[in-house]
Structures are given as structure tokens and as C-alpha cells.
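Subject: Structure handover and notes

Hi,

Here is the structure I promised to pass on to you. My notes on what I found follow below it.

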Amino acid sequence: ISTVHQPVEANDGAENMDKLIVHVKGAPDRMIPLCKYQAKGGSFKEADLEPCDKDYWIEQIAILSSHGLRVLALTRGTLEKDAAKKGEQLGPEFVQERGEPWLTIVGLCAIMDPPRPECVDAITTAKKAGIRVVMITGDHKDTALAIGDQLGLVDEKYSSAVTGPELDAMSDEEICEAVMKYNIFARASPQNKIQIVKALQKEGQICSMTGDGVNDAPALKAADMG
């Protein structure tokens, strides 16, 4: 998500008064590669910016995610005054297609969103009935594994997770193997959800799916049609 603002000298420095200030938040593993600088001492003046230490931020993201926290990267940048018009709807390409890293990372935001107790109980009941439950999420892999462990979906047989980008690189046969090997699917796209449902059905599994967002609709329909 990105928003564009007029500069404020006290915050942005006199050298940026003829620029537009862009604030961007998003998944940290996608935002860090777009960052060229990191803010030093809370200052955004050019003299106080330093090169982004990507290894440091990746380590911090992994630490937070391993505790089941959902992590967002908070970043900002500057653009020329004509880079955006008032009222313009900004798509992902506005941030992603600049050709090279251009943002400054300000910090990370970690959010605790623990599973509801009734969700844990429902999964326990399903497992006792012989139903295998899998989790498909857009969360970071480490976050998904930590939450999956809390839900009772991670055990000796299903000890790891696979990501949407990893599924995208697989053949149809490899995806069929993956859906029988993993209970946790992280960084999954709507297309990945359909792939997973169809692969489970191809493996002879009676498959049902639930979800709470519009992105779940295609996979819900695929499961219903199966």
C-alpha cells in the first residue's frame, strides 16, 4: 500500500521540499529488495541516510516471524513532483517498477494475531475424525509455520512448509507430491489456492475449503465442483 504526500520541512528536510514524499508498507520480504537506504536516528534528511543493510533486516524479520508475528515493513521514498497526480489510483507497479532500489526502510511493524481457541478445538476434532487439515496463507513462511504449530498442523510427518513461489516453479507432478507432503502453504496467491485444491483432488482426496476473503472464491468454487 502506498500513499503520496507533500513534504514537510521539519520531517523531510529542506532538500526535499520540491519532491513528493511516498510512504509504502507491505510484506517485508518483498519490500526489502526495493530499499536502497535505511533511516539513521529517525532522520530522513539525505545526510542522515545510510545504505540498507538487507541482511540485518532479513534476520530481524525471521526472528519476529518465528514467534508467529505478522510483520510489515514501513518504508518511504521521494519522487519528482510530476510522478503522481492528485486522486490517482496507485497500483503495485507504481512502487515495484522503478528499475532499481529507491526506498528507505524506516522500521518493522510486528502484529500479534493468535489463533482463536475455537479454531484449535475445531482442528483437533477434525483430526480425530480422520480429516487432514491444511493451512493456506499469504503470511511469511516462518510466521505460517509458527501459527501452524499453534494450531496443531505441524508434526513429525508435516514438519515444514512450502511457499507459493516454490509451487509456481514446480511441475504438475511435483505439486501433487507437495500437497501430500506439506500441511502449511505460505505466501500463497489465489492461483496457488486453485493449484492446491486441484492437486489434492488429482491425488484422490475428497477436498473442501473455507476462507474469509474474496481471493478465496475461485478455490472455494474449485473445491465445490470437485
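Before the rest, a word on conventions. This is a predicted model, in which local features need pLDDT of at least 70 and side-chain atom pairs count only at pLDDT 80 or more, while totals for chains, interfaces and linings use all residues. Residues are numbered from 1 along each chain as its sequence is written, and side-chain values use heavy atoms, with hydrogens and water left out.

**The chain as a whole**

The protein chain has 10 helices and nine strands. Both are DSSP runs numbered from the N terminus: helices are H or I with at least four residues, and strands are E with at least two. Along the principal axes, the C-alpha atoms fill a box of roughly 65 × 30 × 30 Å. Of the 226 residues in the protein chain, 37% are buried. Taking contacts between residues at least 6 apart in sequence, 64% join residues at least 24 apart; contact means heavy atoms within 4.5 Å.

**Back to F94**

F94 sits in helix 4 (residues 93–96). Not counting residues up to four places away in sequence, F94 touches S2, V4, V22, L79, A83, A84 and W102. By contrast, the C-alpha atoms of F94 and E46, which are 48 residues apart along the chain, are separated by 22 Å.

**Helix 6 and L153**

The buried residues of helix 6 (141–151) include T143, A144, A146, I147, G148 and L151. Among the elements that cover them are helix 3 (54–66), strand 5 (70–80), helix 5 (117–128), strand 7 (135–136) and strand 9. After helix 6 comes G152, with a positive phi near 85°.

L153 belongs to the loop between helix 6 and strand 8 (161–163), and at 3% relative accessibility L153 is buried. Leaving aside neighbours within four places in sequence, the contacts of L153 are I123, V133, V134, M135, G148, Y158, N183 and I184. One of these, G148, is also among the buried residues of helix 6.

**Helices 8 and 9**

This is the pair I would look at together. Two packed helices are described by the angle between their axes and the distance between the axes. For helix 8 (residues 172–181) and helix 9 (residues 190–202), the axes come within 9 Å and cross at roughly 90°. Axes are lines fitted to C-alpha atoms, for helices over the stretch in contact, and angles run from 0 to 180 degrees between N-to-C directions. Helix 8 and helix 9 are therefore roughly perpendicular to each other, the label for 65 to 115 degrees (under 35 is roughly parallel, over 145 roughly antiparallel, and the rest oblique).

On the helix 8 side, I175, C176, V179 and M180 meet Q195, I196, A199, L200 and K202 of helix 9. The residues of this contact divide into seven nonpolar, one polar and one charged; Ala, Val, Leu, Ile, Met, Phe, Trp, Tyr, Cys and Pro count as nonpolar, Asp, Glu, Lys and Arg as charged, and the others, Gly among them, as polar.

In helix 8, I175, C176, A178 and V179 are buried. They cover an arc of only 160° around the axis, which puts them on the same side of helix 8; the arc is that of the directions from the helix axis to the C-beta atoms. E173, E177 and K181 are exposed on the other side of helix 8.

In helix 9, the buried residues include N192, K193, I196, V197, A199 and L200. Their arc is only 165° around the axis, which puts them on the same side of helix 9. The face turned away from that buried side carries the exposed residues Q191, K198 and K202.

R187 lies in the loop between strand 9 and helix 9. R187 has a positive phi near 50° although it is a residue other than glycine, and at 11% relative accessibility R187 is buried.

Notes: Buried < 20%, exposed > 50% of the residue type's maximum accessible area, 1.4 Å probe, protein only.
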